[in-house]
Amino acid sequence: MAVQGVMWVEKYRPRTLGDMVGQENVLGSLLAFVKKPADMPHLLFTGSPGIGKTTAAVCLSRSILGDSWRDNTLELNASDERGIGMVRERIKKFSKFVGIGDIPFKVIILDEADEMTADAQTALRRIIEDAAAYCRFIIIANNISKIIAPIQSRCAVFRFTSVPKECVTERLAEIAKSEKAKFVSEGIDTIYEYSNGDLRHAINTMQAAAALDGGINKANAKKAAGITKSSAVDEILKLALAGKVAQARDSVIELLRVYGMSGADILRNLNMAVNRASYDNAIDIVRIISEYDYRILVGASPEIQLSAMLYELGALGSK
Ligand SMILES: Nc1ncnc2c1ncn2[C@@H]1O[C@H](COP(=O)(O)OP(=O)(O)O)[C@@H](O)[C@H]1O
Ligand SMILES: [Mg+2]
């Protein structure tokens, strides 16, 4: 079930902090930094996926840095980059160049930092100190307990919370109207129930439901949510073990790019899927999964690693 054409999550990604929904506590403080950037320390944004952490980081940078925000903002995905060496080089280069325009500092957004190893984070801590004179870091982590204490203590921590029901349903209705999609409120309520306050998931589910005959109603919402994370991962495992690697890989890429799951998330879910099924060679399957979990953890590209893993599972087959 590939989502076709322009993705609503991107089309309706807020451009300003004021466009965001929920997160009132966090947004109040961030707006204070916009008024008085000199007061802004390094920031650590934490909370579950799809609730506005990356969006808030970009909006904040845009508000503080104005027209030249793009030149003065470095966005790095800690889990995408080939290890800490690459992160260091890119930050070094970026922090050295003289900022463009009249700006208080440059901004470095380090997304998915909880996917970095503790060693890489220790190196990161030095990098933060070296760059601090000219740069502010916004570090983003789904899971704060995976961020080493010395980094936590150098940042002001902002805990994002799942988006409340009224905010989700209101935003979904706005998007549906603006897309002239057919919807009933029962359909939107059903999408909310499957989303657990993950607005990215909710918007993606609604876009999928809108493409079905009858539009956004309860039945279609359920159908669209049917490709929820766990059932999608069950299917991927089955396909791979049956040797249908290309099909399995398409689904993995969809989970990574469309549903915003991280490589580690996918592997965690795959591991649970193995436990749910009863394969005679479960031990071999889990061994492969854990090998790739490690490779991704130490910084290899998730897309390439997951693809290699699917080929290995395909060669193994199920017993
Ligand atoms: N609080 C929010 N307000 C408005 N839109 C949101 C919010 N949270 C998520 N979204 C929607 O979901 C998408 C993903 O949000 P993102 O900031 O990338 O989440 P996170 O970084 O927390 O995983 C955004 O493009 C936007 O469409
Ligand atoms: Mg994010």
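This is a predicted model: local features need pLDDT of at least 70, side-chain atom pairs count only at pLDDT 80 or more; totals for chains, interfaces and linings use all residues.
The protein has 15 helices and 5 strands, where helices (H or I, at least four residues) and strands (E, at least two) are DSSP runs numbered from the N terminus. Residues are numbered from 1 along each chain as its sequence is written, and chains are lettered from A and ligands numbered from 1 in the order in which they are written. Local features need pLDDT of at least 70, side-chain atom pairs count only at pLDDT 80 or more, and totals for chains, interfaces and linings use all residues, while side-chain values use heavy atoms, with hydrogens and water left out.

**Overall dimensions and domains**

- The C-alpha trace spans about 60 × 45 × 30 Å along its principal axes.
- Of the 319 residues, 50% are buried (buried means under 20% relative accessible area, exposed over 50%, partly exposed in between; 1.4 Å probe, protein chains only).
- Among contacts (heavy atoms within 4.5 Å) between residues at least 6 apart in sequence, 74% join residues at least 24 apart.
- Domain 1 covers 23-159, domain 2 covers 165-225 and domain 3 covers 229-316, with bounds from an automatic or database domain assignment.
- A distance of 28 Å separates the C-alpha centres of domain 2 and domain 3.

**The sheet**

- An open sheet is formed by 5 strands in the order E2-E3-E4-E1-E5, with parallel pairing (two strands pair if DSSP finds at least two bridges between them).
- Strand E2 (73-77) and strand E5 (155-159) are the edge strands, each pairing on one side only.
- From one strand to the next, the twist averages 15 degrees.
- Helix H5 (residues 118-131) lies across E1, strand E3 (106-111) and E4, and runs at about 150 degrees to E4; axes are lines fitted to C-alpha atoms, for helices over the stretch in contact, and angles run from 0 to 180 degrees between N-to-C directions.

**Strand E1**

- Strand E1 (residues 42-46) is joined by 4 bridges to strand E4 (residues 135-141), and the two run parallel.
- Across this pairing, Leu-43 stands opposite Ile-138 and Leu-44 opposite Ile-139.
- E1 is also joined to E5, in parallel, by 5 bridges, and Thr-46 stands opposite Arg-159 in E5.
- In E1, 5 of its 5 residues are buried: His-42, Leu-44 and Thr-46 lie on one side, and Leu-43 and Phe-45 on the other.
- In a regular strand, side chains alternate between the two faces of the sheet.

- The buried residues of helix H8 (residues 185-195) are Gly-187, Ile-188, Thr-190, Ile-191, Tyr-192 and Ser-195.
- These buried residues pack against helix H7 (165-178), helix H9 (199-210) and helix H10 (218-225).
- Asn-196 follows H8 and has a positive phi, near 55 degrees.
- Asn-281 sits in the loop between helix H13 (263-276) and helix H14 (282-297).
- Its relative accessible area is 3%, so Asn-281 is buried.
- Apart from neighbours within four places in sequence, Asn-281 is in contact with Leu-316, Gly-317, Ser-318 and Lys-319.
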